[in-house]
Amino acid sequence: MVEKEGIIREWKKREYYEKPSTIKNRKKKALERKIQKKIRKMQASRNY
């Protein structure tokens, strides 16, 4: 139940202070990875 609500994840995220610029960079990199994954998936399905 605790895992479903994300309490542990939230606690770990707030355990240490993170500069706003660091948060922004981390989210930007995560978005880039997500886009690259989607592109690879589309290209793989097109090759078949």
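A salt bridge is a side-chain nitrogen of Lys or Arg within 4 Å of a carboxyl oxygen of Asp or Glu. By that criterion Glu18 and Arg26 form a salt bridge, with 2.9 Å between the closest N and O atoms.

The views below show a predicted model, in which local features need pLDDT of at least 70 and side-chain atom pairs count only at pLDDT 80 or more, while totals for chains, interfaces and linings use all residues. Residues are numbered from 1 along each chain as its sequence is written, and side-chain values use heavy atoms, with hydrogens and water left out.

**View 1. Overall fold of the protein.** The protein has 3 helices and 0 strands, where helices (H or I, at least four residues) and strands (E, at least two) are DSSP runs numbered from the N terminus. Along the sequence the pattern is α-α-α. Taken along the principal axes, the C-alpha atoms fill a box of roughly 45 × 30 × 10 Å. Of the 48 residues, 2% count as buried; buried means under 20% relative accessible area, exposed over 50%, and partly exposed in between (1.4 Å probe, protein chains only). The accessible surface comes to about 5,500 Å², and 56% of it belongs to carbon and sulfur atoms. Accessible areas come from the Shrake-Rupley method with a 1.4 Å probe, and for residues only the protein chains shown count as cover.

**View 2. Charges of the protein.** The protein carries 18 positive and 6 negative charges, whose mean positions are 11 Å apart. Lys and Arg count as positive and Asp and Glu as negative, whereas His and the chain ends are not counted. Each charge is placed at NZ of Lys, CZ of Arg, CG of Asp or CD of Glu. Side chains of opposite charge can pair when their charged atoms come close. The structure holds 3 salt bridges.

**View 3. Salt-bridge network around Glu10.** Glu10, Lys13 and Arg14 are linked in a network of salt bridges. The closest N and O atoms of Lys13 and Glu10 are 3.8 Å apart, and the N to O distance between Arg14 and Glu10 is 2.3 Å. Lys13 and Glu10 both lie in helix α2, 3 residues apart, which is about one turn of the helix. An α-helix has 3.6 residues a turn, so residues three or four places apart point the same way. Glu10 is partly exposed, at 30% relative accessibility, whereas Arg14 is exposed, at 63%.

View 4. The salt bridge between Glu18 and Arg26 joins two side chains at 2.9 Å between the closest N and O atoms. Glu18 is partly exposed, with a relative accessible area of 25%, and Arg26 is partly exposed too, with 39%. Lys12 belongs to helix α2 (residues 7-13) and is exposed, with a relative accessible area of 54%. Between Lys12 and Arg26, which are 14 residues apart along the chain, the C-alpha separation is 15 Å.

**View 5. Helix α3 along its length.** The 28 residues of α3 should span 40 Å at 1.5 Å a residue, and the end C-alpha atoms are 41 Å apart, which agrees. The expected span of a helix is 1.5 Å times one less than its number of residues. Helix α3 is hardly covered, with 0 buried residues among its 28. Ser21 lies in α3 and is partly exposed, at 39% relative accessibility. From Ser21 to Ile39, 18 residues apart in sequence, the C-alpha distance is 27 Å. Asn25 is also found in α3 and is partly exposed, with a relative accessible area of 45%.

View 6. Leu31, Ile35 and Ile39 make a nonpolar surface patch of about 260 Å². Patches are made of residues with over 30% relative accessible area and no salt bridge, with like charges joined within 9 Å and nonpolar side chains (Val, Leu, Ile, Met, Phe, Trp, Tyr) within 5 Å. Ile35 lies in helix α3 (residues 20-47) and is partly exposed, with a relative accessible area of 44%.

**View 7. Lys24 and Ile7.** Lys24 has its place in helix α3 and is exposed, at 62% relative accessibility. Lys24 and Ile7 are 17 residues apart in sequence, and their C-alpha atoms are 22 Å apart in space.
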